[in-house]
Amino acid sequence: MMILDCTLRDGGYYNSWDFDPNIVNSYLASMSQAKVDFVELGLRSFPKNGFLGSFAYTTELFLESLELPDGPVYGVMVDAKTILSAEIPVIEAIDKLFINKVDSKIGLVRVAAHFNEVEASGEIVKALKEKGYIVGFNLMQAGGKPCDVIAEKAELAVSWGCLDVLYFADSLGNMDSDEVFRIITALRRHWDGELGIHTHNNMGKALDNTIAAYNKGVTWLDATITGMGRGAGNAQTENLLAVLNKTNAPYAPKPVYDLVVRHFSLMQKEYGWGSNLLYFLGAQNDVHPTYVQNLLSDERYGPDEIVGAIDYLSSANASSYDGKILEQALQLSAISNEVGGSDTLLNAFSGREVLIVGSGNSVNRYNSGISDYIRDRKPVVLVINLNGDIDEDLVDYIVISHNSKFLADKEKYQNSDKPIILPRQRFSPEDMEVLNPYSEIIDYGLQVESGIFDYSETHCVIPLELTAGYALSIALIGGAKTISLVGFDGYDKGDKRQQEMIDLMMAVHDKHSDDIILSLTPTTYPMSEGSIYAPSI
């Protein structure tokens, strides 16, 4: 028997793979103490749109920041689609995402594939095996497939000659024990190696199906803490361990019980995973659980919209998630001196990435990831005002535009010798005396004029008194190839600063419709998003 806990991977569908580090440390310690065999830390993938946390990419750089207790074998999952849809050869894609196992903290890689991707997946499996990993292969949405088709995919897996474990997944959460037995029997026509099962709890049968599979000879059993996972979630690790504790299984469940009570029960109340009527009905009608999850998590949708959407999806062949189908379902269901400045900054950053560090709480939360990103990518780093969250050795310039924040932090400026960009016409001689005499001062002019965002060689015009707008102008006149933002979190709804920043970003977008600006930490502003944890490609 092998228990594989995939909480950080499957659970990430609820929090964008952005787990609190303290919870992660407690989780990893509990897995080790409970003697769980395998821990799947997350996904491995190429960069995606929008902010995703560290466990959506689980890069080798990020792994170095984790203290992984002895005991479990650690792993990641990669979607076959990630590799097959890359515009490069399979081997090259694998080499970009994976180093050799001997140099990595992970020992297991699982490849998840839909049935129509199996034929093309052999090269992926072989390449990973050559790198030294234990390799698993997950057949997604196995429920309802004809026995001959299932057996054919198993025969292909045999032909690869290197697969360690073949999984089947109840992706839609609508299997019962008879279906589990049918699939196992079909797989066993050709595959006599290790079998694994990954269940979902849409109909409340995830644990029962897992135990039934084990009794039928399946030895790799997936589970997650409190069942945290896409849609209705998975078999619960704590419940599986409680059942096995009545046997001679070599596991110690109490550390996991403590983890559930201290951390995951509270998270479950916050995010709301777990089976309910809508997940049950969706499973009955082959509706992908992500549809239900998205409907339930969006406050814009009331009971009428949700019920109407589920009814539409039930007749719309919605076994695979497609955002356009969901949209269709919802539609059918109802100092003011004269401006000066120098041209010092003109094309100063030509062809380079400029990273602007704001003052949002995310700078502190993702401090380690941001620092790793700077060391790895080596962007030009502009810090808005001087906050203490980022190591000053990683900062290239401090940007200030004469506001109360500057006056409050004057001691920091006295002790910093970093170059400072400011509009000198907005600072008095007394203000300038506050600055460290060894700091280089770069004068770039600033004018505030409602409704206008523009910039020239010597100065900029911004629509609102916001240092963020000044910093963006600096990056643009500097000739930045791309502009990345961290710490641009946003304000609470109703806070006038939120609307001010939205107005600013819209003005910037009107000036630069090519969209070179990307937020790498979570933001509520209207801009494209990426992630500091995405690998460098």
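**View 1. Strands β15 and β16 side by side.** In this predicted model, strand β15 and strand β16 (residues 459–462) run antiparallel and are joined by two bridges.

View 2. Is Asp 443 buried or exposed? With a relative accessible area of 19%, Asp 443 counts as buried, since the cut-off for buried is under 20%. Leaving aside residues up to four places away in sequence, Asp 443 touches Gly 341, Ser 342, Leu 422, Pro 423 and Arg 424. With Arg 424 there is a polar detail to enjoy: the Asp 443 side chain reaches the backbone nitrogen of Arg 424 at 2.9 Å. As for Ser 416, 27 residues away along the chain, its C-alpha atom is separated from that of Asp 443 by 18 Å.

**View 3. Helix α9 and its buried side.** Helix α9 spans residues 177–187, and its residues Glu 179, Val 180, Ile 183, Ile 184, Ala 186 and Leu 187 are buried. They cover an arc of only 165° around the axis, so they lie on the same side of α9. What do the buried residues of α9 pack against? Their partners are β5, α8 (147–160), β6 (165–169), β7 (194–198) and α10 (206–215). At the start of the helix, have a look at Asp 176: one of its side-chain oxygens comes to within 3.2 Å of the backbone nitrogen of Asp 178.

View 4. The structure holds 15 aromatic pairs. One of them joins Phe 98 and Tyr 133 edge-to-face, at 6.0 Å centre to centre and with 70° between the planes. Phe 98 lies in the loop between α6 (90–97) and β4 (108–113), and Tyr 133 in the loop between α7 (122–130) and β5 (134–139), so the pair ties together parts that are 35 residues apart in sequence. Both Phe 98 and Tyr 133 are buried. Elsewhere, Phe 19, Phe 51, Phe 55, Phe 62, Tyr 366 and Tyr 533 form one aromatic cluster.

**View 5. Charges over rings.** Two close-ups share this panel. In one, the charged end of Lys 216 sits over the ring of Phe 181, 5.2 Å from its centre. In the other, Arg 230 lies over the face of Tyr 13, at 4.0 Å from the ring centre.

Note on methods. Residues numbered from 1 in each chain as written. Predicted model: local features only at pLDDT ≥ 70, side-chain atom pairs only at ≥ 80, totals over all residues. Heavy atoms only, no water. Phe/Tyr/Trp six-rings, centres within 6.5 Å; stacked < 30°, edge-to-face > 60°. Helix = DSSP H or I, 4+ residues; strand = E, 2+ residues; numbered from the N terminus. Buried < 20%, exposed > 50% of the residue type's maximum accessible area, 1.4 Å probe, protein only. Lys NZ or Arg CZ within 6 Å of the ring centre and 35° of its normal. Arc of directions from axis to C-beta. Contact = heavy atoms within 4.5 Å. Polar contact = N/O pair within 3.5 Å; in protein donor to acceptor, adjacent residues only side chain to side chain. Pairing = 2+ DSSP bridges.
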